[in-house]
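Let's walk through this model together, one region at a time. Please keep the sequence and the 3D view open as you read.

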Amino acid sequence: MSIQVENISFVYNEGTPFESVALKDVSFTIDDNEFVGIIGHTGSGKSTLIQHLNGLLKPTSGRIIVNGIDITTKKDLKDIRKEVGIVFQYPEHQLFEETIYKDIAFGPSNLGLSDDEIEKRVYDAMRIVGLDIKIKDMSPFELSGGERRRVAIAGVLSMMPKILILDEPTAGLDPKGRDEILHQIKQIHQMYNMTTILVSHSMEDIAKLVNKIIVMHEGKVSLIGAPKEVFKHVEELEKIGLGVPQITYLVRELRKNGIDLPDDVLTVDEAKKYILEYLRGVDNA
Amino acid sequence: MLIMLKNITIGQYIPGNTFIHRLDPRVKIILSIIFIISLFIITKFSGYIFILLFLLLSVFVSKIPLSYIFKGLKPILVILILTVGLNVFFTPGGTYLASIGPLKITSNGVRLALFMGLRLIFLIVGTSLLTLTTSPIALTDGIENLLTPFKSIGLPAHELAMMMTIALRFIPTLLEETDKIMKAQMARGADFESGNLVKRAKNLIPLLVPLFISAFRRADELAVAMEARCYRGGFNRTKLKQLKVSNRDYIAILFTAILVGIIIWNRFWPW
Ligand SMILES: Nc1ncnc2c1ncn2[C@@H]1O[C@H](COP(=O)(O)OP(=O)(O)OP(=O)(O)O)[C@@H](O)[C@H]1O
Ligand SMILES: [Mg+2]
């Protein structure tokens with residue numbers, strides 16, 4: 001499923017003394033099956049932006065087209081919400097059922113599916129996010145924060161949306177938990193061909209996963225493109241407080257010192273390969 | 001419902017630095033109470049002219065946008081319509097004007113309905129002016145100070161004020177939280193807007209449970225944080241900002257006194 005965002009602006013509390021402009025003339029396109037990262041500093045409008053993509057917020061101006069349907073003028077958004085799943089920032093705060101199973105089943109049962117289908121989806125979702133099926137009858141409130149986060153993510157996954165949006169799914173997790181969740185998100189993207197949008201303010205997380213990056217700054221899109229392209233604008237990224245992955249810095253310093261490496265290295269593995277190649281080249285000469 | 005949350009302006013504070021904003025909160029509270037009492041002293045429409053002038057002057061000086069004041073009236077619209085409606089139809093006497101079914105409308109009814117409606121509007125505008133121009137901290141400070149004399153008869157003035165401060169402080173937080181949880185559940189297909197009353201109430205569970213949990217969590221965290229900083233009630237506590245009555249306050253008192261004077265005098269007017 002594709003999304004076209006055309007010149008949207010959004011103002012919170014319009015017409016009151018508390019008015020605040022959160023989005024200014026934002027435009028971009030996300031194609032079917034893409035994996036997109038939205039990155040930006042705190043308060044840059046990331047969360048506001050993604051809430052527009054399933055009609056939870058209506059833009060003050062501009063329009064959003066999801067799969068050919070203009071959702072800014074549409075009244076009944078049930079169908080859109082079925083297709084566009086959003087995992088909110090700190091989603092563990094939305095859990096409410098007595099058991100994990102029931103909580104994950106909340107979304108699918110709102111879709112009016114049969115009990116068998118719901119059960120299948122709940123088990124699938126639990127498996128994908130790495131939860132043991134055995135704990136399905138426990139209360140979600142007995143779990144740790146990281147496990148609760150998984151339950152919440154499973155709660156959206158079980159709806160099997162065509163577009164999956166995750167708002168900082170790794171915020172507040174330890175490095176191991178973070179890597180696991182990112183890995184699972186990648187798997188979901190590949191297994192189900194879901195168009196995936198990952199919001200984050202960590203370049204390191206995003207660089208390895210996505211094929212397109214949208215950089216937000218003060219409510220505007222400041223850069224957009226493939227990670228390799230975006231990371232070439234180091235000065236610009238630093239100016240808006242983001243920076244690039246550590247390894248990109250290292251490679252840049254090496255290049256400055258006359259060591260011939262490509263200028264678009266993103267991961268440690270890539271860098272290792274090129275540096276070894278370079279060293280071998282030096283040895284042979 | 002999301003729209004409704006947006007319109008709650010009661011209890012909201014609009015920061016400013018005007019004459020009204022800078023009045024001593026104690027004076028403002030007492031003058032507001034006097035204003036309310038004077039509303040109930042009035043027996044004739046002519047009295048309202050002075051109330052209206054007084055309010056317009058205050059709103060003008062406070063630089064609060066008029067649109068904001070009107071928005072604050074929206075949540076009480078139901079009560080307003082009910083009051084006016086009941087008075088129109090159920091006041092006997094006066095000349096007969098019209099009838100809707102078994103209900104008769106008389107001139108007395110219309111008169112009383114208008115009178116009550118206006119009183120309610122003035123009451124809300126007057127009190128919201130107090131909260132719109134006084135920060136919650138100043139407001140509770142003022143209340144605490146006014147209640148201190150009653151400490152000797154066992155009234156826990158400080159504790160009451162602290163409870164109010166905390167409650168006021170958390171209203172916007174809870175509204176924000178409600179909005180956030182609601183959106184999260186709507187993204188999972190929850191429906192808060194359709195169905196009959198029973199169904200709607202049931203649909204609120206996915207909203208209320210997380211809301212209560214987060215409220216309790218916040219309360220717990222706050223209590224621990226206060227204790228960690230050695231909070232132990234009002235005992236020997238001093239204030240960063242001392243309340244002081246200044247010339248500004250005497251001017252406000254004078255204006256209110258003139259208003260009350262005119263309104264008492266108004267009772268003896270023939271119209
Ligand atoms: N409910 C709201 N009411 C008023 N203003 C808001 C609201 N939510 C966000 N804002 C404002 O809109 C702007 C963008 O906020 P948003 O939450 O979209 O940022 P973000 O990029 O998601 O930040 P973070 O990384 O901290 O999550 C901020 O300036 C914020 O103060
Ligand atoms: Mg955010």
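Two strands count as paired if DSSP finds at least two bridges between them. Strands (E, at least two residues) and helices (H or I, at least four) are DSSP runs, numbered from the N terminus. This is a predicted model, in which local features need pLDDT of at least 70 and side-chain atom pairs count only at pLDDT 80 or more, while totals for chains, interfaces and linings use all residues. Residues are numbered from 1 along each chain as its sequence is written, chains are lettered from A and ligands numbered from 1 in the order in which they are written, and side-chain values use heavy atoms, with hydrogens and water left out.

**The sheet of chain A**

Chain A holds an open sheet of 6 strands in the order E6-E7-E8-E3-E9-E10, with mixed pairing. At its edges stand E6 and strand E10 (220-225) of chain A, each with a single partner strand, so one side of each is left without a neighbour in the sheet. Direction ignored, neighbouring strands of this sheet are turned by 15° against each other on average. As background, strands of a sheet pair through backbone hydrogen bonds, either parallel or antiparallel.

Strand E3 (residues 35-40) of chain A pairs with strand E8 (residues 195-200) of chain A in the parallel sense, over 5 bridges. Here A:Phe35 has A:Thr196 as its bridge partner in E8(A). Helix H6 (residues 175-192) of chain A packs on the sheet and touches E3, strand E7 (163-167) and E8 of chain A, with a direction that makes about 160° with that of E8(A). Such angles run from 0 to 180 degrees between N-to-C directions, and axes are lines fitted to C-alpha atoms, for helices over the stretch in contact.

E3(A) also pairs with E9(A) in the parallel sense, again over 5 bridges, and A:Ile39 stands opposite A:Val215 in E9(A). How much of strand E9 (residues 212-217) of chain A is buried? The count is 5 of its 6 residues, so strand E9 of chain A is largely enclosed by the rest of the structure. Buried means under 20% relative accessible area, exposed over 50%, and partly exposed in between (1.4 Å probe, protein chains only).

E9(A) runs antiparallel to E10(A), joined by 5 bridges, with A:Met216 opposite A:Val221 in E10(A). The hairpin of these two strands, E9(A) and E10(A), has 2 residues between them, and A:Glu218 takes a positive phi near 45° there.

**Partly exposed loop residues**

Most residues other than glycine have a negative phi, and most peptide bonds are trans.

**The magnesium ion**

Which residues coordinate the magnesium ion (ligand 2)? The donors are A:Ser47 (OG) and A:Gln89 (OE1), at 1.9 to 2.5 Å. A:Ser47 lies in helix H1 (residues 46-52) of chain A and A:Gln89 in the loop between strand E6 (84-87) and helix H3 (100-110) of chain A, so the pair ties together parts that are 42 residues apart in sequence. A:Ser47 is partly exposed, with a relative accessible area of 22%, and A:Gln89 is partly exposed at 29%. Donors are N, O and S atoms within 2.8 Å of the metal (3.2 Å for Na, K and Ca), and water is not among the atoms, so sites may look incomplete.

**Domains**

Domain bounds come from an automatic or database domain assignment. For chain A this gives domain 1 (3-244) and domain 2 (245-284), whose centres, taken over C-alpha atoms, are separated by 34 Å. Between them, 13 residues of domain 1 of chain A are in contact (heavy atoms within 4.5 Å) with 10 residues of domain 2 of chain A. Chain B is assigned domain 1 (9-134 + 244-268) and domain 2 (156-229), with 32 Å between the centres over C-alpha atoms.

**Helix packing in chain B**

The axes of helix H2 (residues 25-41) of chain B and helix H11 (residues 247-266) of chain B come within 10 Å and cross at roughly 10°. H2(B) and H11(B) are therefore roughly parallel to each other. Residues making the contact include B:Leu31 and B:Phe35 of H2(B) and B:Ile253 and B:Leu259 of H11(B).

With helix H7 (residues 136-147) of chain B, the axis of H2(B) comes within 8 Å and crosses at roughly 80°. That makes H2(B) roughly perpendicular to H7(B). Angles under 35 degrees count as roughly parallel, over 145 as roughly antiparallel, 65 to 115 as roughly perpendicular and the rest as oblique.
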